[in-house]
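I am opening my notebook on this structure and writing down what I looked up, step by step.

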Amino acid sequence: MATERADGGGAEEAVRVEQRGLYYEELRTGVVYAHRPGRTVTDADNVLFSTLTMNPQSLHLDAHFSARTEFGRPLVNSLFTLSTLVGLSVNQLTQATTVANLGFGEVAFPHPVFSGDTLYAETRVLDKRLSTSRPDNGVVRFEHRALNQDGVLVARVERSALMLRLPEERR
């Protein structure tokens, strides 16, 4: 596809921008990446996730039961919160640049999530190192944090991922 040049000259090839995450070399230790937009959680999200994952916990699915708990209403499944937290980071950090998750470290849910809450995510690169067995990869340790619409921390997790390095011709 050709487009007109900005300087009025002849046709030139169109600029193509492809969305991707960051390569190992582009990730900076200590930087906090804020992921937007957020994600508002619905009752349908909670019910669907809980039933898809075979989790019949009354705290997630039974409004009558949940009304009699200290929370007064159903809690959002914490694994939905965790999955959404990591998922919110993908476009900015790891889309098409991750090889695999290597593991999840400490996971904490310091505050409950309810239907109607909006989750926002941020990620800090804790450390990184080149892979000793795979020269085209590096290992990155992330800290992902989810905050609700009031800025309250609702989830935190450390994750290690095997990341692609920049193509050799760009290193």
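Predicted model: local features only at pLDDT ≥ 70, side-chain atom pairs only at ≥ 80, totals over all residues.

**Aromatic rings**

I looked for rings of Phe, Tyr and Trp (its six-membered ring) whose centres lie within 6.5 Å, calling planes under 30 degrees apart stacked, over 60 edge-to-face and the rest tilted, and by this rule I counted one aromatic pair. Phenylalanine 49 lies in helix H1 and phenylalanine 80 in helix H4, so the pair ties together parts that are 31 residues apart in sequence.

Residues are numbered from 1 along each chain as its sequence is written, and side-chain values use heavy atoms, with hydrogens and water left out.

**Phenylalanine 80**

Is phenylalanine 80 buried or exposed? I call a residue buried under 20% relative accessible area, exposed over 50% and partly exposed in between (1.4 Å probe, protein chains only), and phenylalanine 80 counts as buried because its relative accessibility is 8%. Taking contact to mean heavy atoms within 4.5 Å, and not counting residues up to four places away in sequence, I found that phenylalanine 80 touches Arg39, Val41, Asp45 and Phe49. I also noted that its C-alpha atom is separated by 9.8 Å from that of threonine 53, which is 27 residues apart from phenylalanine 80 along the chain.

**Helix H1**

Which residues of helix H1 (residues 43-52) are buried? I listed Asp45, Asn46, Phe49 and Ser50. Seen down the axis of H1, these residues fall within an arc of 115° (taken from the directions from the helix axis to the C-beta atoms), so they line one face of the helix. The face turned away from the buried side carries the exposed residues Asp43, Ala44 and Leu52. The buried residues of H1 pack against strand E3 (32-40), H2 and helix H4 (78-94). Just after H1, I saw that methionine 54 takes a positive phi of about 60°.

**Histidine 60**

I next turned to histidine 60, which is found in helix H2 (residues 58-61) and counts as buried because its relative accessibility is 12%. Leaving out residues up to four places away in sequence, histidine 60 touches several residues, among them Asn46 and Ser50.

**Nonpolar cores**

I took a nonpolar core to be a set of buried Ala, Val, Leu, Ile, Met, Phe, Trp, Tyr and Cys residues joined through side-chain atoms within 4.5 Å. The largest has 15 residues, and those with the most contacts inside it are Val41, Leu85, Val113 and Leu119. H4, strand E5 (118-130) and strand E7 (153-164) each supply at least two residues of this core, and H4 gives the most, with five residues. A second, separate core of eleven residues includes Val31, Tyr33, Val140 and Ala161.

Threonine 84 is also found in helix H4, and I noted that it is buried, with a relative accessible area of 12%. Apart from neighbours within four places in sequence, threonine 84 is in contact with Arg39 and Leu119.

**Charges over rings**

I say that a charge sits over a ring if NZ of Lys or CZ of Arg is within 6 Å of the ring centre and within 35 degrees of the ring normal. The charged end of arginine 73 sits over the ring of phenylalanine 114, 3.7 Å from its centre, and lysine 128 lies over the face of tyrosine 24, at 4.4 Å from the ring centre.

**The whole protein**

Last, I counted four helices and seven strands, which run β-β-β-α-α-α-α-β-β-β-β from the N terminus on. Buried residues make up 35% of the 171 residues. Along its principal axes, the C-alpha trace spans about 70 × 45 × 30 Å.
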